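The structure is shown first.

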Amino acid sequence: MISALYSLALTTGAPRIVKGCRIEHVCGNPALGPEKDREYTRRIVEMAVSALQTAVTSPTLFDPSETSAKEPVHAS
Amino acid sequence: MRLELGTFPVDEVVMGERTHWDSGKLEIDAEGIRRAILSDPRVVEARLELIRPGDSVRVTSVRDVLEPRVKVRGPGEAYPGVCGRAVAPVGRGRSHRLSGIAVVEVAEVDMYTGNDGWLDGFIDMGLGSPVPYTAFPNLCVVLDVDSALDIEDRNNAAHSAALLVSDQLAATTVDLDPPELETFELAEADPGLPKAVYITCHRSPEHYSDSLNAFWTAIYGFTRLTPPWLLHPNELLDGAISVLTSWELINNPIVREMYSRHGVDYNFVGCIAIRTRWSSQAEKDITSLQAAKVARTMGASGAVISYDAGGNDFMEAIRTVQACEQEGVKAIFVTGEESPATGGPPLLEPLPEAKAIVSTGMGLRGAGFGPLPAVDRVIGKKDLVENGSTRQGTVPAAGPLPGIRWQDHFGFTRLSAYEF
């Protein structure tokens with residue numbers, strides 16, 4: 001699930017959650033300008049695709065703003 | 001900060017030759033008030049209609065309900081900041097109120113252009129309604145505003161007209177001694193008592209309207225998304241937070257109840273007002289965390305938290321409950337419940353920190369009090385949207401309806417359920 005309000009997705013038990021931007025533009029940010037916006041959107045979608053290929057045992061948050069691979073955050 | 005609040009009860013109300021109050025009888029010069037409203041060229045037509053409990057009448061296109069108020073001593077004015085009114089902090093000196101009558105602003109003008117800016121509520125004057133201001137007569141101010149104006153000017157014109165009526169009714173009391181006088185002051189109290197705050201959460205229309213000045217519930221006239229406000233409870237009692245509805249906000253029973261326990265069970269140290277409906281996780285988190293931090297900085301060990309809107313806004317409210325508990329401030333959450341018809345849990349996000357919950361029931365969208373019989377007369381738009389969420393379909397406003405469209409945000413009603 002790509003969500004701008006990911007805390008709700010975590011507590012309600014979605015297995016894989018990708019951090020989105022805002023309610024009004026979840027998968028991008030027009031304020032960045034067309035080029036950077038496209039790049040950001042691509043990062044979100046790629047993160048979502050990679051999340052789908054990741055085994056999880058509890059609600060897990062994936063952060064597309066991170067450039068290097070980090071441990072995903074788990075809901076406590 | 002000391003506020004004297006004088007109450008002038010209205011036991012009888014009649015239309016007449018001059019607007020004045022005498023020993024519980026309010027006479028209203030409807031034609032004189034109408035002329036005053038029409039001196040604003042933005043208002044094309046205006047009409048005053050008196051409705052009474054038990055009348056077979058339904059009022060639609062309701063934009064606000066006001067209690068007539070006037071500041072007779074001290075800085076500022078009632079309902080500060082809205083429609084260009086003075087912004088000096090209120091809550092000091094003396095204010096007068098007319099009880100037992102409200103001014104209902106009726107105009108077919110959306111609150112703003114955008115999601116949830118539509119008017120789909122109504123007032124039904126049938127007996128037994130839980131809506132507090134239907135227990136006494138209401139003066140409807142029915143307005144036709146110049147449709148060539150932009151949405152914010154139309155809103156300003158309509159609300160200015162309603163404020164004018166409220167002002168003129170309340171002005172009848174300026175030189176009189178109030179039959180009832182209450183004094184509100186957070187006087188020095190037993191320092192051994194714990195401290196408590198009230199955190200009141202109000203929806204901002206900023207991101208749905210894409211405007212900083214959209215018409216909606218205002219704090220000193222501001223509707224935009226802002227960081228937490230620290231307010232003295234007297235400011236709330238003087239209308240610092242108004243619109244949708246001003247009557248409920250200025251008569252907020254939580255403020256009065258917390259005042260009544262000041263120096264008895266706890267020391268009431270103030271109010272924190274936050275705006276909800278931020279659109280990113282970080283903004284929602286900042287709002288909740290800062291509200292809790294302000295509460296803690298005030299020395300509070302307890303907070304009552306209420307909010308005034310739906311699921312989106314619930315997030316800041318419940319996160320404020322969580323943040324308070326994590327800061328060591330015990331939180332009491334005043335909330336409506338989702339209807340079981342939605343198939344979801346009663347609370348959108350039932351966090352474990354929400355341990356003390358006061359339910360104000362399920363009022364919204366037909367899940368509450370009802371069904372309502374057909375009525376003889378409709379004031380305002382003659383049809384209603386059938387489904388407020390999807391904007392799909394219309395139903396005749398005069399016809400039978402499944403229920404009221406009103407949510408009790410602050411605990412006005414006395415209906416209770418006990419599990420045993």
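In this predicted model, 29 residues of domain 1 of chain B are in contact with 28 residues of domain 2 of chain B. On the side of domain 1 of chain B that touches domain 2 of chain B, β1 (2-9), β7 (62-66) and α2 (151-170) of chain B each supply at least two residues. The residues of that side comprise 15 nonpolar, nine polar and five charged. The domain assignment places domain 1 of chain B at 2-181 and domain 2 at 188-366. Taken over C-alpha atoms, the centres of domain 1 of chain B and domain 2 of chain B are separated by 25 Å.

The largest nonpolar core has 126 residues. Those that touch the most other members are Val104(B), Val141(B), Ala161(B), Ala295(B), Ala303(B) and Ile305(B). With nine residues, α2(B) gives the most to this core. The core lies between domain 1 (2-181) and domain 2 (188-366) of chain B, because both give residues to it.

Which residues does Ala161(B) touch, not counting residues up to four places away in sequence? They are Ile37(B), Asp40(B), Val43(B), Ala46(B), Val141(B) and Leu143(B). Val141(B) is also among the core residues that touch the most other members.

Strand pairing is considered next. Strands of a sheet pair through backbone hydrogen bonds, either parallel or antiparallel. β1(B) pairs with strand β13 (residues 180-185) of chain B in the antiparallel sense, and with strand β9 (residues 93-99) of chain B in the parallel sense. An open sheet of three strands in chain B has the order β11-β6-β22, and its pairing is mixed. Its edge strands, β11 (123-124) and β22 (377-379) of chain B, each pair on one side only. Strand β6 (residues 57-59) of chain B runs antiparallel to β11(B).

The bridge counts for these pairs are listed below.

| Strand pair | Sense | Bridges |
|---|---|---|
| β1(B) and β13(B) | antiparallel | six |
| β1(B) and β9(B) | parallel | seven |
| β6(B) and β11(B) | antiparallel | two |

Individual residue partners can be given for each pair. Glu4(B) stands opposite Thr183(B) in β13(B). Leu5(B) has Ser95(B) in β9(B) as its bridge partner. For Arg58(B), the bridge partner in β11(B) is Asp124(B).

How values were computed. Residues are numbered from 1 along each chain as its sequence is written. Chains are lettered from A and ligands numbered from 1 in the order in which they are written. This is a predicted model: local features need pLDDT of at least 70, side-chain atom pairs count only at pLDDT 80 or more; totals for chains, interfaces and linings use all residues. Domain bounds come from an automatic or database domain assignment. Two residues are in contact if their C-beta atoms, placed from the backbone, lie within 7 Å. Helices (H or I, at least four residues) and strands (E, at least two) are DSSP runs, numbered from the N terminus. Ala, Val, Leu, Ile, Met, Phe, Trp, Tyr, Cys and Pro count as nonpolar, Asp, Glu, Lys and Arg as charged, and the others, Gly among them, as polar. Two strands pair if DSSP finds at least two bridges between them. A nonpolar core is a set of buried Ala, Val, Leu, Ile, Met, Phe, Trp, Tyr and Cys residues joined through C-beta atoms within 7 Å. A residue is buried if 20 or more other C-beta atoms lie within 10 Å of its own, exposed if 12 or fewer, and partly exposed in between; C-beta atoms are placed from the backbone.
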